[in-house]
There are 2 protein chains.
Amino acid sequence: MTAEKMIIEIKDWIREAADFIQTSLTTDFAVSQKSGRTDLVTSIDEETQTLLIKKIKEHYPADKILAEEKGYSTIDSLAGRVWIIDPIDGTMNFVMEQENFCIMIAVFEDGIGKLGFIYDVMKDELCWGGKGIGVFLGEQRLIQPKNLGLSAGLLGMNAYMFGEDIHCARKIGHASMGVRVSGCAGIEMIAMLKGNHIGYVSNLSPWDYAAGIVLLEEFHFSYSTIEGKALSFSGREYFLAATPEAYSEIKTNFLDK
Amino acid sequence: MTAEKMIIEIKDWIREAADFIQTSLTTDFAVSQKSGRTDLVTSIDEETQTLLIKKIKEHYPADKILAEEKGYSTIDSLAGRVWIIDPIDGTMNFVMEQENFCIMIAVFEDGIGKLGFIYDVMKDELCWGGKGIGVFLGEQRLIQPKNLGLSAGLLGMNAYMFGEDIHCARKIGHASMGVRVSGCAGIEMIAMLKGNHIGYVSNLSPWDYAAGIVLLEEFHFSYSTIEGKALSFSGREYFLAATPEAYSEIKTNFLDK
């Protein structure tokens with residue numbers, strides 16, 4: 001089985017999922033709270049996940065799946081081939097704005113990121129690629145962003161961490177050219193991959209970062225938990241990704257002090 | 001002279017200015033600092049302003065002009081007809097992201113907002129309208145957003161005010177469903193007018209808010225300086241706009257205490 005075949009399939013599934021989401025947006029749908037009043041899930045998140053899981057199980061029945069919504073949110077290990085999916089990344093934006101949300105799919109093999117897809121549905125912007133393949137925006141191959149320092153670029157940010165200065169997030173933000181808060185990890189990943197932002201500080205689950213780090217890796221960005229450890233693919237973790245130069249400055253000037 | 005004629009003209013000018021900006025983006029252009037390292041202006045800001053001012057002077061030679069870049073940034077009074085323009089709102093985004101910036105034009109007569117135009121250039125999204133005319137997104141008439149309370153929606157936010165809790169901005173943000181930081185007043189105005197955000201807290205100059213408040217007024221949003229005073233159209237001021245319900249809650253629960 002070739003990566004090319006898999007890429008074509010995944011793009012088809014994303015298109016089908018996006019069509020489903022856009023059609024569903026015009027109907028009434030159920031919104032409920034998960035961990036609290038600002039952590040939402042909708043029936044469309046769940047149905048989109050079901051659609052994507054059905055595709056994976058049909059085509060790759062032996063593979064494992066890690067996904068945001070119910071029944072798929074933990075995995076015993078990353079051994080073998082693992083699909084990591086977020087049917088709607090940025091559910092709050094989806095509910096409140098009906099835009100600025102993404103579908104994300106990653107394929108890992110024995111812990112190594114092979115393919116990543118981030119689709120900003122309403123902007124119709126697909127960022128995808130993988131190990132040894134490069135990074136693309138639609139049909140266009142992206143150029144690896146410049147290795148800019150912290151003071152030379154904009155920084156994607158989790159608002160709560162910035163507000164409360166968790167892990168020096170506010171000080172780090174003030175040292176950049178400015179912070180941006182989109183409420184969607186996929187949008188922040190795309191912003192880095194395009195070279196629009198130099199980094200991203202947030203609090204993420206595996207399905208929030210899996211597709212992104214496959215693509216960041218291809219462009220030699222640095223990423224880890226904010227403590228500098230390898231991401232665990234288990235539960236929510238404080239996340240830091242940046243150009244190597246900005247990452248090093250953030251570690252040295254703020255986090256290792 | 002009818003408003004219809006003026007609307008057609010202004011839309012044409014905005015289209016021409018946007019074409020100029022998009023062409024200029026593919027060339028090298030000069031970036032310089034204004035008040036500090038995060039306050040930028042480019043040669044394209046200045047040339048776009050020159051283009052728009054030329055149009056106004058050709059068609060409406062007796063009118064007054066208030067605009068962001070050099071020579072036009074103050075005005076003696078709002079008497080008569082005044083054009084208030086921001087050639088590129090969100091210059092930092094323009095430089096760093098090459099997207100998420102707006103062209104904004106407002107027409108005031110004796111201090112009353114008559115017409116407002118906000119054009120998100122790269123998204124190709126024009127929000128426009130005016131007093132007694134309604135608010136439109138492209139050709140589509142927008143519906144007045146619901147009068148939601150603070151805890152029921154997303155809040156556009158100035159990152160510095162949020163980080164430093166200026167005028168309780170951080171506490172206000174935490175009481176909402178979440179804050180978003182786009183770095184572009186025009187994008188925040190459009191988000192309110194679409195009903196995507198319930199309010200906006202920032203630090204703005206007249207050209208940042210003029211077009212927006214004409215349209216907010218038409219939809220009965222509340223707006224003022226954050227101290228509750230009328231906007232002065234002179235210099236930078238802390239700015240608050242929100243649905244009447246959210247505005248009232250913000251005043252009562254945070255600002256009047």
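In helix α6 of chain B, the residues B:A185, B:G186, B:I187, B:E188, B:M189, B:I190, B:A191, B:M192 and B:L193 are buried, where buried means under 20% relative accessible area, exposed means over 50%, and partly exposed lies in between (1.4 Å probe, protein chains only). This helix, residues 185-193, is mostly covered, with nine of its nine residues buried. Helices here are DSSP runs (H or I, at least four residues), numbered from the N terminus. After α6(B) comes B:G195, which has a positive phi near 85 degrees.

The model is predicted: local features need pLDDT of at least 70, side-chain atom pairs count only at pLDDT 80 or more, and totals for chains, interfaces and linings use all residues. Residues are numbered from 1 along each chain as its sequence is written, chains are lettered from A and ligands numbered from 1 in the order in which they are written, and side-chain values use heavy atoms, with hydrogens and water left out.

**The two chains**

Two copies of a chain are related by a rotation about an axis and a shift along it. The same surface serves both copies, since 100% of the contact residues of chain B recur in chain A. Contact means heavy atoms within 4.5 Å.

Helix α7 of chain A comprises the 13 residues 206-218, which at 1.5 Å a residue should span 18 Å; the end C-alpha atoms are 18 Å apart, which agrees. The expected span is 1.5 Å times one less than the number of residues. α7(A) has a kink of about 30 degrees centred on A:G212, the bend being the angle between axes fitted to the seven residues ending at a residue and the seven starting there. Eleven of the 13 residues of α7(A) are buried, among them A:W207, A:Y209 and A:G212. Just after this helix, A:H220 takes a positive phi of about 60 degrees.

The axes of α6(A), residues 185-193, and α7(A) come within 9 Å and cross at roughly 10 degrees. The two helices are therefore roughly parallel to each other, a term for angles under 35 degrees. Their contact is made by A:A185, A:M189, A:M192 and A:L193 of α6(A) and by A:D208, A:Y209, A:G212, A:L215 and A:L216 of α7(A).

**Individual residues**

| Residue | Phi | Location |
|---|---|---|
| A:H167 | about 50 degrees | loop between α4 (159-164) and α5 (169-175) of chain A |

A:H167 is partly exposed, with a relative accessible area of 30%. B:C168 is also among the contacts of B:F254, which include B:L150, B:K171 and B:I172 when neighbours within four places in sequence are left aside. B:F254 lies in helix α8 (residues 244-255) of chain B and counts as buried at 18% relative accessibility. B:F254 and B:K171 are 83 residues apart in sequence, and their C-alpha atoms are 7.7 Å apart in space.

B:I44, in helix α2 (residues 43-59) of chain B, is buried with a relative accessible area of 2%. The C-alpha atoms of B:I44 and B:L148, 104 residues apart along the chain, are separated by 39 Å.

Definitions and conventions
Axes fitted to C-alpha atoms, helices over the stretch in contact; angles between N-to-C directions. Parallel < 35°, antiparallel > 145°, perpendicular 65-115°, else oblique.
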